[in-house]
Amino acid sequence: MSIAHLSDTTFQHWNIQIDEQKIVWAYLDKQGEAVNTLAEAVLAELEQIISVLEAETPHGFVLMSAKASGFAMGADIREFEAYTEAAEVAEKIAHGHALFNRLEALPCMTVAAIEGFCLGGGLELALCCDYRIAKATASTRIGLPEVRLGIYPGLGGSARLTRLIGGIKAMELMLSARMLRAPVAKQYGIVDELVGEHQSLYWTARRAINKRRRGRRSVLAKLTNSGVSRPLIARFLRKETAKKARKAHYPAPFVLIDNWVAHGGSFERMAQAEIDSVSTLMVSDTARGLRRVFRLSEQLKEQGKKVTTDVKRVHVIGAGVMGGDIAAWCTLQGMDVTLQDRELKFIEPALQRAEKLFKKRLKKKHKVVAALNRLRADVDGRGVQQADVVIEAIFEDADVKRALYQTIEPLMKSDAILATNTSAIPLEQLATCLAEPSRLIGLHFFNPVAQMPLVEVVQGEQSQQIVIDRGAAFCNQINKFPIVVKSSPGFLVNRALAPYMKAALELHQTGLSKEVIDEAALRFGMPMGPIELADVVGLDVCMHVMETLSDDLPAEAHAQLSQMISSGKLGKKSGEGFYQWQSGKAVKPEISNEQQDWDGLAAQLIQPMLATCQAALDEGVVSDAGLLDAGIVFGTGFAPFTGGPLHYQQQTVTHDESGRSA
Amino acid sequence: MNAVKQIRPVCIVGGARIPFCRSNTAYSELSNLDMLARSLQGLSARFDLKGQKIDEVIAGAVVTHSRDWNLAREAVLSTDLSPLTPGITLQQACGTSLQSALLSAAKIASGQIECAIAGGSDTTSDAPIVLSDRLRKRLLTLNKARHWKQKLSAFKGFSLRELAPQPPSVAEPRTHLGMGDHCELMAKEWGITREEQDQLALASHQKLLSAYEEGFLDEMIVACEGVVRDNNLRADISLETLSALKPSFDRSATGTLTAGNSTPLTDGSAAVLLASEAWAKERGLPIQAYLTHYETSAVDFVAGDGLLMAPTVAVSNMLNRAGLSLQSFDYYEIHEAFAAQVLCTLKAWDDDAYCRKYLQRDVPMGLIDHEKLNVKGSSLATGHPFAATGARVLSNLSTLLATTQGERGLISVCTAGGMGVSAILET
């Protein structure tokens, strides 16, 4: 086939245009999908195109996207599920490597023109081009976040990126899974030229080809890949990575570092190591679990896509820790927020915390100021009338809440959502005072609001489905995962955590040290041990939650907890609980090197939680096992690589059975 | 000859603008092109104009870079409006976007076009800084020079002083006085007190604040850079804080203009959609008001007339033509470049001698009901990005008429160079 025929050929996923200069423009447009992925079918067609360009050299070859959502999100992770053997994966990956090498070897100038998401395989494809241009719009994100899926870049990315920008920057990017904005990607040396908001990718690409532009390669970057520097840098990388992930749970980043140390001096060997390692990682339980969680997180978001909302104004009543932080978070997400409490002095601490959050997240002074202007103290409650969402986060007293609802309901816009952040009082009891009880839903945030990605959207018996859908859509809008739960004691997350902490307190009563208990949980893969978690949540809150769940502690544990609370030891917030807290961290002595049955201990902690999750599912608190797993992972940090509690339990049962039958 | 058959009504469909921000604050990194494009895009989103060809977009900026020579067209290309939409860049100082609307209105009335967008943008944060005239001429000579001898001669008599960059100035080129200095002169001539000015400024902030709180601006405002309200608006302003400010122009005890009762340098943009009735109805778009009369005028400020008094003339002539009295309006939108400017204008209309001499009226035009003046706040509170103000005022008044069943509103905008632009909206 000649180039002239290429534009007549109909591809399913590529739109090919040839201009008068004989530049071939390939627009990626994955059929039937909103976002581009490098599915096998996409790559198969790319192979056809490349074969033509190998036979007849064009003036230039440009890869772009025809979709508004971006360049390409990476491989289609659904396709990985089909493989159970590393060898099968290795074969596929090797094929991809060969194709990408052919693209890189094309004699004409090749350009990747990027706008929107260019992640994972998408960036690996772009890295094969001679020149990369990126549009500096707010939506552009460039990165290799594969470690989040328990693997590392497998289409030549680890070899090409380290070669291009050097080991330090490349490894940092891959290990952190960061997604860079266009100007930062330019600073990193990944992107060769930025295209301004008012300029066009098309004409910039054309100019780059006609002027035969080449990116600058830094000599320093090359030095970082030398045999002398690699082991030194790796030592640092290993240390930093170990702070964030345990090797036993998340092997991929460590394998990546090892491979770079061993092979970083040679592109070919680094690429071969990639094929070998990524294929093994791909079929591991960890990668499977993480892919499941990723898929489920998409499912959580789906709950918020049933209706579209455009919430502009949020009014939060109650400027305590939760109310204040919810208000700050909504503000950070671009909303106009009013924060109400009885007196200004109760609101001021929340505003100060908000300022800290804005400074940390927004960095630029004018953005911080703009955010502070969006968050207004509102003692008189003037914001109620204009708000699209009103969130009540006052103390847990049903009478006071009802009285409040009665005063604000007549003032609210007719279609505004009324939500309570209560974690203890059934919605049905609170809704009785409303003229329109069906409008009340729960939006249960977790502490610390800025870090916890989940919000429980609580459906009382009286809550109307459309309001629930809009509540979930609001969560999407503020970049939280919604999970719709039935109004029942503890909802999902607290209900699941209570037996976990209870088990820990019971074990502690038997004389086991709190450090050992927490370590067992960490070894299992929890982000924090149960005793430390109790301190962070606050012992008074823990007690309250357990009482709500009428899940009584044994008498001794109950007495100990009450005694600590009455003597003012409330946990992290008071500076002392089970642990001493210094500058936000628990003081932990080294654990003596005694032998422990860590697995058995972890099972004692985890099993009650698993049982509760199953019970919650059986009772229909959450509609679906997958959603429940995702909710527990994002709500409690439950070891994500397990794929969630129910999945984990099922796997363990299966493993045991297969073990027995063997 | 195929003459124009009849004059058609001109509809104001509505406007959109980004919140205005004091200079060197939230928009310090934005250019006029960035800002104008965002208001146009906001308008497109508000009225679902994606992919639609608008017959013309007329817009401009006062403080502008030479690179923005095709500002209106470039801004169109950065929106989802059809790229077949022509853009015309136009400038009449602070009257820019109002004048843009008037030009398009005339074309709609005469049937030349069916729809148009008028807009404006200004930034003093991204102001151009230019080379001195001498250096610039040397560089141009150098560019034309062919041999080294000519090149060398381009730098004959060069002095280091020429390297000093020339910042833009908002002073009047012919008087070398700033706008505030001129207005201070007017305040003295008309005996406008500091208290009156501060009172007007206070009212402007209070009225804008309640406009925001009651949601009056919701449809018009397009959030930009995380800003959702004009950041010049002070919710906590009081007469005490205003009266504590020192005079800004005449710094002696006789000065009355302060930073509180004058508009600050402001960044921002605004746009408004105009259309024939048929075009608007075809698309199911609202008709907020009709633009029925308009007038532009100038005064001989170089000979000593008050620089910002031209709107008195424009309004007077326009009312004569329309056969209306100054009192026949539900609302007055008198752009508050300075509180003193508004107060001088109102006083002049009620002044027998002034009306005789400058407006050729035997009887003064009289007073207006202050309750009807700038009821949703004006430039003292929103700030005043020169070229954007006209479009802001237009969409403010048309929204006001549409939401209150008002019948008629008056617009008056003063501009640099001793000019004034006025208009009447009716429902």
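Biologist: What does the accessible surface of chain A come to, and how much of it belongs to carbon and sulfur atoms?

Modeller: Areas of this kind come from the Shrake-Rupley method with a 1.4 Å probe, and for residues only the protein chains shown count as cover. For chain A the accessible surface is about 28,100 Å², with 53% belonging to carbon and sulfur atoms. Before we go on: this is a predicted model, where local features need pLDDT of at least 70, side-chain atom pairs count only at pLDDT 80 or more, and totals for chains, interfaces and linings use all residues. Residues are numbered from 1 along each chain as its sequence is written, chains are lettered from A and ligands numbered from 1 in the order in which they are written, and side-chain values use heavy atoms, leaving out hydrogens and water.

Biologist: Thanks! How many of the residues of chain A count as buried?

Modeller: Buried means under 20% relative accessible area, exposed over 50%, and partly exposed in between (1.4 Å probe, protein chains only). In chain A, 56% of the 662 residues are buried. Gly626(A) counts as buried because its relative accessibility is 9%.

Biologist: Where is Gly626(A) found, and which residues is it in contact with, leaving aside neighbours within four places in sequence?

Modeller: Helices (H or I, at least four residues) and strands (E, at least two) are DSSP runs, numbered from the N terminus. Gly626(A) belongs to helix 26 (residues 625-636) of chain A. Contact means heavy atoms within 4.5 Å; with neighbours within four places in sequence set aside, Gly626(A) touches Arg292(A) and Leu296(A).

Biologist: At what angle do helix 20 and helix 21 of chain A pack?

Modeller: Axes are lines fitted to C-alpha atoms, for helices over the stretch in contact, and angles run from 0 to 180 degrees between N-to-C directions. Helix 20 (residues 493-509) and helix 21 (residues 514-524) of chain A pack at about 145°, their axes 9 Å apart. Tyr500(A), Ala504(A), Leu507(A) and His508(A) in helix 20 meet Lys514(A), Ile517(A) and Ala521(A) in helix 21 of chain A.

Biologist: And how many helices and strands does chain B have?

Modeller: Chain B has 14 helices and ten strands. The radius of gyration is taken over C-alpha atoms, and the globule rule is 2.2 Å times the number of residues to the power 0.38. Chain B has a radius of gyration of 22 Å, close to the 22 Å that the rule gives for 427 residues, so chain B is as compact as a globular protein of that length.
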